[in-house]
Amino acid sequence: MSARENILQRIRAQSGRQGETNDAERAAAREHIAKHARSPLPSIAQGDPVTGFIAECARVKTSVEQVASLQAVPQAAARYLSENALQMHAVGWSALASLDWQGAGIDFEDRLANKDDLVGITDCFCAIGETGTLLLLSSPTTPKLHALLPETHICVVSRARIVTCMEDAFGLLRKERGELPRATFFVSGPSRTADIEQTIVIGAHGPYRVHVLLVP
């Protein structure tokens with residue numbers, strides 16, 4: 001018996017079941033998964049998702065600026081970079097390449113990010129009000145490198161794409177995409193870890209800064 005089989009057998013025994021998993025049990029498990037049953041929502045998830053998102057962003061150290069339109073995003077991004085003494089050069093997703101970055105003074109490149117890029121600009125599939133989280137889906141036109149490699153991640157978020165909770169995010173994903181893409185990842189503020197002596201270190205495994213530009 002392998003270690004895996006031994007562990008699973010012990011779990012099964014502790015749950016009061018004996019022998020191998022049978023077809024009826026497998027069918028019942030598949031039926032339960034297919035229902036996508038939702039658990040009760042906490043009280044924090046009952047209010048306006050946009051208001052909740054902004055409040056939670058502050059808690060996880062994501063800065064937020066509300067912008068009047070998508071066309072105003074380059075100027076807002078330039079303002080953020082200037083105020084933080086960051087370089088006016090960025091790599092970003094193809095969907096944002098047509099905006100007037102040059103007019104805002106930003107050298108915007110539509111290509112894969114590499115270790116030398118300091119600013120990455122993306123949008124997101126949706127955002128979650130309950131936790132101040134960005135949900136990004138990896139694809140050939142939305143590579144995850146832009147949100148993971150640069151020291152600064154700027155994300156364009158539509159207010160209309162902010163859902164209340166994690167369950168709503170997965171529901172929207174099933175409705176619009178059907179199946180999960182190869183990589184689905186969640187961003188809740190700058191990268192951080194307390195692995196060494198329980199001291200918080202920012203930017204250990206990703207960006208030092210996450211800045212949201214909130215558009216209609």
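Q: Is K61 buried or exposed?
A: This is a predicted model, where local features need pLDDT of at least 70, side-chain atom pairs count only at pLDDT 80 or more, and totals for chains, interfaces and linings use all residues. Residues are numbered from 1 along each chain as its sequence is written, and side-chain values use heavy atoms, with hydrogens and water left out. Buried means under 20% relative accessible area, exposed over 50%, and partly exposed in between, with a 1.4 Å probe and protein chains only. At a relative accessible area of 58%, K61 is exposed.

Q: What is the phi of K61?
A: Most residues other than glycine have a negative phi. K61 sits in the loop between α3 (49-59) and β1; helices (H or I, at least four residues) and strands (E, at least two) are DSSP runs, numbered from the N terminus. Its phi is positive, near 70°.

Q: What is the relative accessible area of A85?
A: A85 follows α4 and lies in the loop between α4 and β2 (89-92). Its phi is positive too, near 55°. A85 is exposed, and its relative accessible area is 69%.

Q: Which residues of helix α4 are buried?
A: Helix α4 covers residues 73-83. The cover over its buried residues includes β1 (63-66), β4 (119-123), β7 (152-158) and β12 (209-215). The buried ones are V73, P74, A76, A77, A78, Y80 and L81.

Q: Which residues are in contact with I121, leaving aside its neighbours within four places in sequence?
A: Contact means heavy atoms within 4.5 Å. I121 is one of the residues that touch the most other members of the largest nonpolar core. Its partners are A90, V91, G92, W93, L96, W101, F108 and I154.

Q: Which element gives the largest share of the lining of the second largest pocket?
A: On a 1 Å grid over the protein atoms alone, a pocket is an open set of points where a 1.4 Å probe fits, with protein on both sides within 12 Å along at least five of seven lines; lining residues have an atom within 4 Å of a point. The pocket is lined by 15 residues, with L148, V187, G189, S191 and P207 nearest its centre. Two or more residues come from each of α5 (145-148) and β9 (184-187). The largest share, three residues, is from β9.

Q: What separates the centres of domain 1 and domain 2?
A: Domain bounds come from an automatic or database domain assignment. That assignment gives domain 1 (3-35) and domain 2 (43-215). Taken over C-alpha atoms, the separation of the centres is 39 Å.

Q: What share of the residues of the protein count as buried?
A: The protein has six helices and twelve strands. Its C-alpha trace spans about 70 × 35 × 35 Å along the principal axes. Of its 216 residues, the buried share is 38%.

Note on methods. Core = buried A, V, L, I, M, F, W, Y, C linked by side-chain atoms within 4.5 Å.
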